[in-house]
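Subject: Structure handover

Hello,

Please find the structure below, followed by notes on what was found in it.

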Amino acid sequence: MAADKAMVELFRKELELCKVKSGERIGILSEGRVRIDYAEAFLAAAQELGADPFHLNVLKRPGSFPGPGNSLRGHHAAIEALKNTDLVIDLIGLIWSKEQTAITSAGPRMLLVVEPIEVLSRMLSSPDSRRRVEAGVRILKEAREMRVTSPGGTDVTYRFGNFKVVGQYGFTDEPGRWDAWPGSFLWTGAREDGVDGTVVIDAGDMLLDPFMRYVSAPITLTIRAGLITEIAGGGLEGALLRDYMKSFRDPRAYAVSHIGWGLDENASWTFMSTSPAAAHSVGQDGRAYYGNVLFSTGPNIEVGGSNDTECHLDIPLKGCSLFLDGRQILKDGVIIPEEMRVPGR
Ligand SMILES: [Fe+2]
């Protein structure tokens, strides 16, 4: 069956952003019957660019995205094949797994692609997005302390140690570098005991995977020395959050994880409640939304820490102010530094 023409065209643009060249080896990884249309379109797009693509399909494990039990685990021949490429297109979600690290540390760059086509198309990135994200990364790397406030009552401080600063801009053209399509945003983590204050998840803010819903009443989190010590209010969503975190029976589930802000002017805050495609989304709109703060809880291994609890929540907050060592980066959700702004926004 011929791959969908519009999809091939879109995927070709993405591969061009990834600077795919003639002769490059492209490994496209899928599981079961999931996103087979994407695999076929990537094959066709890579071939158009003169690259040398192959499609590697493994059996799907139930509930394998996201998390440690991904479908590639234990498939040594497949892992070896992917190590021996220049670019891996991950259509299954290896994210934060040892398989991902094994592959990228052998040299290939890797691109995660799991969002619906509507989101991939609307949020297709550009060299200018990369420039703005890299400007943010330079500023965040210098910072010793971040403070986030909001009209709803958030006032929390992160003291930084030596954890990684990660910039995502939706494509990758450097050996060993991981990125996800789509989404332009950046993040890091504080010292493990270095977060104190209050975070108010306000009405209209989001609880992403596994909830994928908006909050209808403010939830107030009290944070002491890097741990959430109280979850108050929030009506239905507050009750869900308390029960969910408790169900892990793991004190490390209450740790504070990565923190950062979004720079993607094409992300939509209302997408999750307005588009049928949202049913298949992992929530990149919320994560990358222009001028958001992405607060999160649980593990910090992705920034170089030691907490590998399986309770991880990404919680995009809208309309916050954010300061790095006293310098204002966001004012009520508006990006202040010129080098990170989209003109007119
Ligand atoms: Fe996260």
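The largest cavity is lined by Met206, Ser268, Phe271, Met272, Ser281, Gly283, Gln284, Asp285 and Gly286. This is a predicted model, in which local features need pLDDT of at least 70 and side-chain atom pairs count only at pLDDT 80 or more, while totals for chains, interfaces and linings use all residues. Residues are numbered from 1 along each chain as its sequence is written, and side-chain values use heavy atoms, with hydrogens and water left out.

A cavity here is a set of points on a 1 Å grid over the protein atoms alone where a 1.4 Å probe fits but cannot get out; a pocket is an open set with protein on both sides within 12 Å along at least five of seven lines, and lining residues have an atom within 4 Å of a point. The largest cavity holds about 40 Å³ of space. Helix 9 (284-288) and helix 8 (271-274) each give at least two residues to its lining, and helix 9 has the largest share, three residues. Helices are DSSP runs of H or I with at least four residues, and strands are runs of E with at least two, numbered from the N terminus.

The second largest pocket has a volume of about 570 Å³, a volume being the space filled by probe spheres set on the grid points, which are joined across faces, edges and corners. Its lining has 20 residues, with Trp96, Lys164, Val166, Trp178 and Glu302 nearest the centre. Helix 4 (98-104), helix 6 (127-142) and strand 7 (166-168) each contribute two or more residues to that lining.

Asp314 is buried at 8% relative accessibility, whereas His312, at 22%, is partly exposed (buried is under 20% relative accessible area, exposed over 50%, partly exposed in between, with a 1.4 Å probe and protein chains only).

There are 10 aromatic pairs, that is, rings of Phe, Tyr and Trp (its six-membered ring) with centres within 6.5 Å; planes under 30 degrees apart are stacked, over 60 edge-to-face and the rest tilted. Tyr244 and Phe248 pair edge-to-face, at 5.1 Å centre to centre and 80° between the planes.

Regards
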